[in-house]
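Let's take a walk through this chain together. Keep the sequence and the 3D view side by side as you read.

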Amino acid sequence: MNWRIVSALVKKEMFQIVRDPSSILIAFILPVILLFLFGFGINFDTNTVKIGIIIGDKTPETIEILDTIRHSRFLDVKVFNSRKEAEYAMLAGKIRGFAIIPNDFTKKLKSKTKKPTGQNAASRVYTYPEIQVITDGSEPNTAKFVSSYIQGALGVYGAINIQKSPKSIRGGSGIQVIERFWYNPALKSTYFILPGSLAIIMTMIGTVLTALVIAREWERGTMEAILTTKATKGEFLFAKYISYFLLSMASILFCLVLIIFVFRVPFYGSFFAFMAVSAFFMLGALGFGFFVSTISKDQFIASQIAGVVGFMPSMMLSGLIYEINSMPLFLRILTIFIPARYYVSSISSLFLSGTILPVIIRDSVFLGIFALLMFILVYKITPNRLEAA
């Protein structure tokens, strides 16, 4: 391989990238747009849920429960006079669920508060009557949030009563659950979505960027001129790879800076590990783009194929939006062949957990194999003579 020819071709590609505004737009403007869409448009957090409360038994105890629920920062509470009004509001989408405090709530509450005799005479056993919670099951996740938040507020009410009468704890199970959330203590979904979205964004950029390259050479007639020169097929491909690899890695660095400093997502891993796994991933994405560009020889067709085939599997089967373990067996097997799956795994670990070498090495091996296979495939289908084109 003549590296003087490769360097000359790289120089020619760099000049073409600078002169072509579409390459700069794809590499630097498109990531900004997509990052803002993923950062603000996709959010799995439910910060405030609108619910309704129906109080059939207005007593100091039920008013205290209502105040406790109202003080929850997760709930926006509206009081209804009847179940029919609450059902209508839920059907209209004004609330996501409602709780019903029955008419005999206080009576059952007082009747079920027992005073044991003997050695346990100083303790009380608190058992509460049932409170019905009705949620909108058309959105299962939101329905679970509503139920959990109401139960959590009622748990706070129970804890307050235990504090008022500490000896009553003996009446419970004696077990207290203390929760600790590792890696993402704030439970912000953007801390996972934004790093994982790099896989989607870089797949789009890598495939679309290179899908236009060789197809453009064919459309403009410059491919025939290149095939008549002394440049070999390997030198031609190396020059293409080097040029767009440098451009795509600059785009990744640009996205990394935005995620850390603009969106304030923590980064606990190694910068070297991040660049290494990103390099393997981008080589595979560039190879796929070159493959699409070579077989189509048309910029419009190549961009459409690259956008659909590159974007949709990465979005749906990478584990970013949908948990892989919850997918059917066929789709779980299919995800093994999706490079974005391994990139999402490594990037999420680097951002939130740190440098976990077994994960980084495993994912890098898969990404490296895919990149090598794509290069071999592109090399095989790229013509080396004008007659073979």
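In which helix is S278 found? S278 is found in helix α10, where helices (H or I, at least four residues) and strands (E, at least two) are DSSP runs, numbered from the N terminus. Before we look around there, please note that this is a predicted model, in which local features need pLDDT of at least 70 and side-chain atom pairs count only at pLDDT 80 or more, while totals for chains, interfaces and linings use all residues. Residues are numbered from 1 along each chain as its sequence is written, and side-chain values use heavy atoms, with hydrogens and water left out.

Now to S278 itself. S278 counts as buried because its relative accessible area is 0%; buried means under 20% relative accessible area, exposed over 50%, and partly exposed in between (1.4 Å probe, protein chains only). A polar atom of the S278 side chain lies 2.7 Å from the backbone oxygen of F274. Leaving out residues up to four places away in sequence, S278 touches M249, I252, Y343 and I347, with contact meaning heavy atoms within 4.5 Å.

Helix α10 covers residues 271-296, and its 26 residues reach 37 Å from the first C-alpha to the last, close to the 38 Å expected at 1.5 Å a residue (the expected span is 1.5 Å times one less than the number of residues). Most of α10 is covered, with 19 of its 26 residues buried. At its start, a side-chain oxygen of S270 comes to within 3.3 Å of the backbone nitrogen of F272. Just after α10, K297 takes a positive phi of about 60°.

Another serine to visit is S348, in helix α13 (residues 339-353). S348 counts as buried because its relative accessibility is 11%. The side chain of S348 has a polar atom 2.8 Å from the backbone oxygen of V344. Apart from neighbours within four places in sequence, S348 is in contact with F192 and S353.

M374 is found in α14, and at 8% relative accessible area M374 is buried. M374 and G284 are 90 residues apart in sequence, yet their C-alpha atoms are 6.4 Å apart in space. Setting aside residues up to four places away in sequence, M374 touches Y241, G284, G287, F288 and F291.

For a view of the surface, turn to helix α11 (residues 299-317), which holds M312. M312 counts as partly exposed because its relative accessibility is 39%. Together, F300, I301, I305, V308, V309, M312, M316 and Y322 make a nonpolar surface patch of about 720 Å². Patches are made of residues with over 30% relative accessible area and no salt bridge, like charges being joined within 9 Å and nonpolar side chains (Val, Leu, Ile, Met, Phe, Trp, Tyr) within 5 Å; a salt bridge is a side-chain nitrogen of Lys or Arg within 4 Å of a carboxyl oxygen of Asp or Glu.

Finally, step back to the whole chain. The chain has 14 helices and 4 strands, and 44% of its 389 residues count as buried. Among contacts with a separation of 6 or more, 79% come from residues 24 or more positions apart.

Note on methods:
Areas by Shrake-Rupley, 256 points an atom, 1.4 Å probe, with all protein chains shown as cover. Polar contact = N/O pair within 3.5 Å; in protein donor to acceptor, adjacent residues only side chain to side chain.
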